[in-house]
Amino acid sequence: MRSPKRNAPTPELATRMMGIAFIGAVAGHVEQVAHGASEQAILEKIKKQITKKFGSKGEAVVAGNMQVIQEGIESTQRVDYNDPAFADPFSNETKIPVRNVSLSASVSQTECASSCGLFDREYFNDIVATPFKNGTISEAPVLPGSGLFMPPGSAGAKDKGLFRRTVPVFDPNKCTGCMECALVCPDAAIPNSVHDIHELLSTGIAQLDITEAQRSTLREQIIPLTEGIRASYRQTRDDLAFHELVAAVGSKLSVRQATLSANFSKLAEVLSKYPVARTRPFFDAMEKSTPGTGGLFIANVDPWKCTGCLECVQVCGHGALKPQEQEPALLETLQNSFEFMSKMPNTPARFFEDATNADGDPKRLLLDRNNYYSTTGGHGGCRGCGEVTAIRQVMAANHAITDKRKHAHLAELEDLILALETKKASLSADETARSNRITDTIKTLEKRLYLYEGGPTGNGPAGAIIANSTGCSSVYASTFPFNAYKDPWVNSLFQDAQPLAKGIFEGIAAQALTDIRALRTAKLELADAYLPQKHDAEMRLLSSGQFTKEELTLLPNIITIGGDGATYDIGFGALSRILATNTPIKVVVLNTGAYSNTGGQASTSSFTGQDSDLSRIGKAHSGKFEARKELGLIASFHSNVFVCSTTTALHGHFLKNALACLTDMESPAVLDIYTPCQGENGVADNVSAKQGRMAVESRMNPVFVHDPRRGENLHDWFSLEGNPDPTQTWTTTTIEYRDDDNKLQFMKMPLTPAHFALTEIRFRKQFHPLADDATDPVQIHEFIDLPESERAGKTPFIYAADSHQKLIRLNVSPAIIALVEERRKNWHLLQYLDGQHVSKMSAEYKAGIAALQAQVQQSLKQHEDSLDSIARAMVELAASSKAPLDSLSIPIRNISDTAASIPAATSHSTSGAALVTIEDQTRCTNCKTCYQDIPEIFEKVQMLINGESREVAQIIPGALERIAVTPELKARIKRVSANCDAEIIK
């Protein structure tokens with residue numbers, strides 16, 4: 001660890017280069033590798049490979065790697081394994097730590113009863129896992145099949161914090177309760193919780209080293225302490241820490257015992273180890289709605305699961321999480337806090353019970369530990385992996401849905417059994433056949449009730465079965481002996497996850513036939529509607545294809561997981577075949593744009609111009625030259641398939657549509673998720689969410705939904721909600737730079753795929769500084785609008801800011817021009833499918849009709865004026881000259897002469913302007929409440945406030961005129977207004 005830290009070109013590379021040191025250790029000292037070669041010969045051969053792999057990144061990277069390898073050779077020392085010091089296992093006793101990874105495992109793992117057989121965790125640990133971790137697996141007894149099976153959630157026992165150098169530290173005074181840290185963490189390492197005040201006090205009291213009598217006396221003060229703390233919070237928003245408030249309120253209580261007063265101080269000291277935050281969403285808004293219901297929030301770091309990727313710090317807009325170099329005292333602080341959390345009850349249901357409802361806040365489902373830990377930490381993926389974040393959110397959403405179904409079905413079964421027993425007791429003696437039928441039905445439902453209440457494992461039925469294609473997602477999910485899934489999980493071949501899932505579904509459905517028959521029979525009997533001559537045959541011939549939507553929800557969701565290689569490429573045909581059926585399989589695509597597991601080769605999901613294995617940039621080629629395959633669009637044109645192209649970076653869009661996908665029981669459903677891969681895309685460990693959001697905003701990977709259950713035509717089924725400025729070709733971005741006087745300046749410009757490409761190493765070779773003598777420089781968004789004949793002699797470029805925040809111009813290659821044109825074409829196609837041309841024509845048509853109506857009204861008015869003129873003229877002529885009427889000629893103005901003066905009608909009313917407003921934008925604390933929950937109305941922008949660049953929220957220009965106002969939208973706006981940390985949304 002010391003060598004990489006000393007030689008890495010950047011601190012970020014130090015952790016990744018730890019493995020490089022082992023190359024030296026192995027190549028220099030393992031005979032099977034070295035084959036007697038000299039150290040110099042070994043180093044020369046290794047350098048050729050290092051140069052081939054990293055040479056394009058610069059000599060400093062190659063030199064740094066080689067130095068680490070050489071130090072790896074030098075610092076590896078041979079030892080005699082038969083030395084007495086190694087032979088005696090007790091010769092070097094070390095102090096056993098008070099807390100270890102078992103504490104983390106106890107929180108995240110599901111209990112598994114001993115009757116689980118092969119999947120019994122304790123048996124597996126004794127026979128396989130412990131010897132494996134201790135390096136004595138060759139001495140362990142052979143367990144048949146142990147290489148094929150692992151118990152669920154075994155990864156909870158894995159310590160992933162061993163190589164962490166930096167760790168996030170929570171500051172409750174700055175926390176707004178946005179929950180984004182929990183949403184982006186791939187490691188289940190920062191569970192978010194909301195606690196009742198009295199539970200915090202009770203848990204703290206239980207940990208005090210005092211007599212039971214003193215503890216009992218202190219518990220008697222919980223209610224007055226709670227009321228005093230709550231009253232103090234209502235009166236002020238001062239940044240007084242919770243433990244300080246406990247001490248302050250305790251000192252004001254009317255107690256006459258010196259011991260009790262001293263114990264208040266001890267309690268405050270214990271509570272100081274668990275810093276909780278008073279936030280607007282979880283305390284102020286709740287208290288305002290129903291006094292006494294507010295809770296205190298915490299984002300708690302699990303020191304055994306956190307890898308130090310710092311993704312949570314990156315997304316914490318208010319600075320409540322700060323990176324800090326880990327040292328022993330800080331590690332002990334983290335362990336103390338997590339231990340306290342392990343003794344606290346789960347977040348009260350009132351904070352998350354509506355999360356899966358249409359008008360609920362879906363991110364709150366992660367407050368329920370049962371959902372948050374639907375997959376444990378301890379996976380084998382890279383730090384900051386975007387794929388794992390997506391999997392965790394999908395599985396959490398599925399658990400929230402199926403757990404609610406499970407409890408509802410339990411109540412239904414109990415009611416049915418009771419009602420059937422009552423019905424049976426009411427039958428006459430001659431209704432033997434019916435009585436026997438009801439008896440058999442009761443037996444079947446009682447067995448089902450037993451399985452739902454717990455069954456042999458104690459956990460009840462699984463809410464999902466996962467079929468995983470081979471690839472990154474299968475490797476890190478089953479890095480022996482660790483499996484992070486708590487639902488049944490199976491890995492087959494690279495290309496056949498969907499056919500495998502189809503088989504699993506048919507098998508599960510066949511097993512459910514007996515129970516479905518019993519449920520149908522029960523309802524018919526209770527309605528006195530069971531007709532043997534009709535229903536006996538129907539029940540006997542019942543098949544899974546005849547299950548109702550409600551009956552299908554009683555089955556576990558069958559979910560496939562695979563990368564873009566497994567779904568876009570080699571498994572594409574099998575996927576297409578399954579999408580052509582009505583089997584309700586959920587297809588999760590982890591789209592990194594490369595074969596991440598096998599070296600980063602280009603796939604058909606890769607972008608034009610990217611530098612990948614099989615599509616290298618060199619003298620003959622300029623990276624991948626084909627256009628990207630659009631799997632989401634192809635899937636959409638299979639009959640009746642729900643499709644969502646999305647990213648976890650837009651968690652509101654992601655969770656809302658993940659819930660829709662998981663509840664669609666009428667057909668297959670596809671979630672195509674953009675999941676950045678740090679290693680193959682060439683980005684830092686902490687920017688997965690940042691890159692995912694930018695991929696959407698730049699039109700590189702737009703989000704869309706195809707839902708055939710919505711509306712009657714293609715344009716009703718497609719939605720581009722979630723994309724910024726969906727009616728424009730490009731949205732805008734702001735570059736921050738320093739001028740010649742070092743003053744901060746902003747430059748606003750269209751955000752194109754070229755700007756996205758600049759942020760990733762896979763496109764880096766496509767950009768070069770624009771020469772001072774470049775001919776006729778043109779920004780790329782203007783360049784691609786020019787016809788080919790007018791492009792000659794012009795130099796396309798983009799603006800950027802360098803490492804010193806100076807404004808620079810970068811020349812873009814022809815490959816990047818092709819990329820921008822291809823992505824624009826894809827975006828325009830999506831706009832067409834969204835029906836924007838229809839909406840535009842409709843608006844123009846309505847405006848034209850309104851203008852014609854106005855002209856008709858004007859014509860009628862003129863006609864009335866003309867009649868008045870005629871009448872007056874006739875009277876005047878009759879009175880003066882007695883002239884004949886047919887000699888009169890009265891001019892009437894042509895309507896076209898006045899049309900230009902008639903104001904055109906607008907296509908939208910301005911009533912939406914009163915729907916919601918933001919008062920004093922400079923007070924925004926970037927709590928993210930608004931643009932996370934209602935991205936179709938609010939957006940994040942950069943503002944210069946008091947000389948500093950800050951991220952703040954604003955209402956998207958024109959959004960209120962475009963949006964359809966519904967009761968559900970009004971409810972969401974009301975919730976956002978109540979939760980706004982700065983209280984500026986009205």
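The model is predicted, with a mean pLDDT of 88 over the chain and 91% of the residues at 70 or more. Where pLDDT is low, the predicted coordinates should not be read in detail.

**Helix packing**

- Two packed helices are described by the angle between their axes and the distance between the axes.
- Helix α20, which spans residues 386-425, and helix α21, which spans residues 432-453, have axes that come within 10 Å and cross at roughly 155 degrees; because angles over 145 degrees count as roughly antiparallel, α20 is described as roughly antiparallel to α21.
- The crossing of α20 past α21 is left-handed, and the residues of α20 that make the contact include K406, H409, L410, L413, E414, L416 and I417, while those of α21 include R434, S435, I438, T439, T441, I442 and L445.
- Also part of this contact are L420, E421, K423 and K424 of α20, together with E446, R448, L449, Y452 and E453 of α21; by class, the contact residues divide into 10 nonpolar, 4 polar and 9 charged.
- Helix α13 (residues 222-235) and helix α14 (residues 242-252) cross at roughly 115 degrees, with axes that come within 9 Å, and the crossing of this pair is right-handed.
- On the α13 side the contact is made by L225, G228, I229, S232 and Y233, and on the α14 side by F242, L245, V246, V249 and G250; these residues comprise 7 nonpolar, 3 polar and no charged.
- Helix α12 (residues 212-219) packs against helix α15 (residues 258-271) at an angle of about 80 degrees, with the axes 10 Å apart, and because this angle lies in the range of 65 to 115 degrees, α12 is roughly perpendicular to α15.
- In this pair Q214, T217 and L218 of α12 meet T259, L260, N263 and F264 of α15, a contact whose residues divide into 3 nonpolar, 4 polar and no charged.

- Strands of a sheet pair through backbone hydrogen bonds, either parallel or antiparallel.
- An open sheet of 8 strands runs in the order β6-β5-β7-β8-β10-β9-β11-β12, with mixed pairing.
- The edges are formed by β6 and β12 (718-719), each of which has a single partner strand, so that one side of each is left without a neighbour in the sheet.
- Strand β11 (residues 704-706) and β12 run antiparallel and are joined by 2 bridges, and within this pairing V705 has S719 of β12 as its bridge partner.
- Helix α23 (residues 497-526) lies across β5 (464-468), β6, β7 (557-563) and β8 (586-591), and runs at about 150 degrees to β5.

**The sheet of 4 strands**

- An open sheet of 4 strands, also with mixed pairing, has the order β15-β18-β17-β16, and from one strand to the next the twist averages 50 degrees.
- At the edges stand β15 (767-769) and β16 (777-779), and since each has a single partner strand, one side of each is left without a neighbour in the sheet.
- Strand β17 (residues 795-801) is joined to β16 by 3 bridges, and these two strands run parallel; V778 stands opposite P796 in β17.

**Backbone exceptions**

- Most residues other than glycine have a negative phi, and most peptide bonds are trans.
- The peptide bond from F480 to P481 is cis, with omega near 5 degrees, and P481 is found in the loop between α22 (472-475) and β6 (489-491).
- M179 is not a glycine, yet has a positive phi of about 70 degrees; M179 is found in the loop that lies between β1 (166-170) and α10 (180-184).

Key. Residues numbered from 1 in each chain as written. Predicted model: local features only at pLDDT ≥ 70, side-chain atom pairs only at ≥ 80, totals over all residues. Heavy atoms only, no water. pLDDT = per-residue confidence, 0-100. Axes fitted to C-alpha atoms, helices over the stretch in contact; angles between N-to-C directions. Parallel < 35°, antiparallel > 145°, perpendicular 65-115°, else oblique. Left-handed = near helix turned anticlockwise from the far one by under 90°. Contact = heavy atoms within 4.5 Å. Nonpolar A, V, L, I, M, F, W, Y, C, P; charged D, E, K, R; others polar. Pairing = 2+ DSSP bridges.
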